[in-house]
Amino acid sequence: MAEGTQHGELAGTRPSVVVVDVLGSGSGQGNPGALEPAVVDPAVPLIYADDLAAVRGDGVFETLMLRDGQVHKLERHSQRFLNSAAMLNLPEPDIELWHRATTLAAEAFSADIGADEAALRWVYSRGRESTGRPSGWITVAPISPEVEAARAEGVDVMTAERGFRIDLSQRSPWALVGAKTLSYAANMAALRAAKVQGFSDVIFISDEGQVLEGPTSSVIAVKGNTLLTPPTDAGILPGTTQAALFQIAQQQGWATEQKSLTLKDLLDSDGVWLVSSVRAYARVKSIDGHKMEPPACAGQIEAMAWQAVTS
Ligand code: PLP
């Protein structure tokens, strides 16, 4: 039997992913209890059946862009990772350890898979229910053709109710609004529902009718020479791409504003984009079937968004 196939891998299909065990918590692979991260076999299971990431989604993650061997926006992602972990009362991550693991993962990806662009994901879990020991790992996988298509062609968006008011985060910190938790099943379900109805992405709307974010992206609208985005205290994840884009836009003479937006504001704007670390940008071609033509500034906005994720 070929190496790895005893673990259910189909013969001849080696997973196209690099895995690094960061906290030495793997199931006998790498170096359990080790202080240093280790590259492990992606064809062999890493976590235990009672890992709280698997059974409760109880943990946090970050997805970083890896391009031409370079990991981008490390500081911004590190900051949000620390913040998310603190919101879940997880033990503070040793960020230098995560950075060393990231370098190791990027090098292993270049050596083993070598695609130009990849998504590098940090996962930090509360760990085993039976031992209380946290687990943490990194995966690196090439980006999908769907990501490239969304960049090149844009997306048709469906709006969807988020199901809560924007002040939920103030009233109920346990709702973990603004933390990048592993509980993304509802976000993924919204995307699937959109696809069934012929759309390619989603913009969530709050109970009060305020624009929030996409399931995996921040919403940007352009009106005249101003870039607009909903405020981060509106029950959304603070986006690293949005923040970097606004900084670059300001340097290039654009105005930027965090402002409550309605669906009508989006439809009345010159253009709308969904921005995020790996996809970078996807222009919104239509919202609930209302077409949005590309504005004259589309090329400029997309060039700035690209710079935001790659500089
Ligand atoms: N909002 C949500 C819910 C997300 O999941 C993401 C990224 O995955 C974003 C916004 C955009 O964040 P970033 O630009 O840091 O990738």
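Two strands are taken to pair if DSSP finds at least two bridges between them; strands (E, at least two residues) and helices (H or I, at least four) are DSSP runs numbered from the N terminus.

**View 1. Pairing of strands S1 and S6.** Strand S1 (residues 18-21) and strand S6 (residues 135-142) run antiparallel and are joined by four bridges. Val-18 has Val-140 in S6 as its bridge partner. The model is predicted: local features need pLDDT of at least 70, side-chain atom pairs count only at pLDDT 80 or more, and totals for chains, interfaces and linings use all residues. Residues are numbered from 1 along each chain as its sequence is written, and side-chain values use heavy atoms, with hydrogens and water left out.

**View 2. The open sheet.** Six strands, in the order S2-S1-S6-S5-S3-S4, form an open sheet with antiparallel pairing. Its edge strands, each pairing on one side only, are S2 (38-40) and S4 (70-71).

View 3. A polar contact here is a pair of N or O atoms within 3.5 Å. A side-chain N or O atom of Arg-80 is 2.8 Å from a ligand oxygen atom. Backbone N or O atoms contribute as well: one of Thr-216 lies 3.4 Å from an oxygen atom of the ligand, and one of Ser-217 lies 3.4 Å from a ligand nitrogen atom. Of the 390 Å² of accessible area (Shrake-Rupley method, 1.4 Å probe) that the ligand has on its own, the protein covers 94%.

**View 4. Elements of the ligand shell.** Helix H7 (240-251) and strand S12 (271-276) are the elements that give two or more residues to the shell around the ligand.

Technical notes: Polar contact = N/O pair within 3.5 Å; in protein donor to acceptor, adjacent residues only side chain to side chain.
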